[in-house]
Amino acid sequence: MSLFQKTAITLARSPGIGRAMRGLAARTSLARRFVGGADIDQAVRTAVRLREAHGIRASLFYLGEYVADPAAIEHNVGQAIEAATALGQAGLDVHVSIDPTAIGYMRDDALGAGNARRIADRARQAAGGGRDWVVLDMEDSAIRDRTCALHRTLLAAGLPIGLTLQARRRRTPEDLAWAIGQRTSLRLVKGAFPERALDHPGRAAIDHAYLDSASIMLSPAARAAGFLPVFGTHDDRLAGAIMALARERGWAPDAFEFEMLYGVRPDWQLALRRLGYNVRVYLPFGADWWPYAIRRVGENPRNAWLLARSLASQADYFG
């Protein structure tokens, strides 16, 4: 991890800076760049605009993670349920992403599983026949096995549940071997939780592993099962290789998705749409945007100017 990334993480975890920045959410370029709205109504309006203007789909994610307080957990669950309802009423995909640590797994596995079922039940009720999924985000290794087990349990119950896997983990092909035989949605990402003992070593090895996993996801067996491959990447080199592989395997451009973070590489998102590919953005919403947004800066130093502008706005605001 670079010094720049470590600095970004320190800022993300600072309660004092977080409180100050949350107070400026509506004014800062950093928040507007990476967060789709302060509440559900704003987030859905952003999702409608993206769909109507560009044909880009959205997965709503309420900003809240690693919570053990019962009231905070219930609030996070309520926001996900309301987001599913609002998406259905707007005629959009009922597509919501959730962190297990935000909905009860920091307190009790049974509580977390029950809350995930509540959210998925509501998504099923609100669904309008689009690509309607509740997708479990993958966090660090402490929660990985429980997240995969939750995915299997809810899928067996007939709920519209998807999963995220990290290409950097050496065991990901093992998890994929089961998943591609299911009617599920699976988002493949490089992974934001590096753990040396569990990972492929280095960027080149992770990129190679990503394409190996993509090959599994674009297999004939996956297509026959009704499996939906979702490739979470901003890397146009990887995307190009995936597009070539999909053509070779006979996958139509609309039979899989590319997913990117809201506000990251919008030019590339539009280019993929013009080529006929499905694009979805991971669209966070909520007031607690600072930890999420500053991590985006840590991932790409070119976004640092947005941080500088936000801090300058803060100084002006407080006089």
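How are helices α7 and α8 oriented to each other, roughly parallel or roughly antiparallel? The model is predicted. In it, the axes of α7 (residues 141–156) and α8 (residues 172–179) cross at roughly 5 degrees. Angles under 35 degrees count as roughly parallel, so α7 and α8 are roughly parallel to each other.

**Helices α7 and α8**
- The axes of α7 and α8 come within 12 Å.
- From α7, the contact draws on R144, C148, H151, R152 and L155.
- From α8, T172, D175 and W178 take part.
- By class, the α7 contact with α8 has three nonpolar, two polar and three charged residues.

**Helices α9 and α11**
- Helix α9 spans residues 203–217, and helix α11 spans residues 236–249.
- Their axes come within 10 Å and cross at roughly 25 degrees.
- That angle makes α9 roughly parallel to α11.
- The crossing of α9 past α11 is right-handed.
- On the α9 side, R203, D207, Y210, L211, A214 and S215 make the contact.
- They meet R237, L238, A241, I242, L245 and R249 of α11.
- Seven nonpolar residues, one polar and four charged make up this α9 contact with α11.

**Nonpolar cores**
- In soluble globular proteins, nonpolar side chains tend to be buried together.
- The largest nonpolar core here holds 74 residues.
- Within that core, L60, I98, F231, F256 and F258 touch the most other members.
- A second, separate core has seven residues, including V35, F61, L261 and V264.
- Leaving aside neighbours within four places in sequence, F231 is in contact with L188, Y210, A214, M217, L218, I242, F256, E257, F258 and E259.
- Among those partners of F231, Y210 and A214 of α9 and I242 of α11 also take part in the α9 contact with α11.

**Residue E82**
- E82 lies in helix α5.
- E82 is partly exposed, at 46% relative accessibility.
- E82 and I40 are 42 residues apart in sequence. In space, their C-alpha atoms are 7.6 Å apart.

**Residue R265**
- R265 is found in the loop between β7 (257–261) and α12 (266–274).
- Its phi is near 55 degrees, a positive value in a residue other than glycine.
- Most residues other than glycine have a negative phi.
- R265 is partly exposed, with a relative accessible area of 28%.

Terms used
Residues numbered from 1 in each chain as written. Predicted model: local features only at pLDDT ≥ 70, side-chain atom pairs only at ≥ 80, totals over all residues. Heavy atoms only, no water. Core = buried A, V, L, I, M, F, W, Y, C linked by side-chain atoms within 4.5 Å. Buried < 20%, exposed > 50% of the residue type's maximum accessible area, 1.4 Å probe, protein only. Contact = heavy atoms within 4.5 Å. Axes fitted to C-alpha atoms, helices over the stretch in contact; angles between N-to-C directions. Helix = DSSP H or I, 4+ residues; strand = E, 2+ residues; numbered from the N terminus. Parallel < 35°, antiparallel > 145°, perpendicular 65-115°, else oblique. Left-handed = near helix turned anticlockwise from the far one by under 90°. Nonpolar A, V, L, I, M, F, W, Y, C, P; charged D, E, K, R; others polar.
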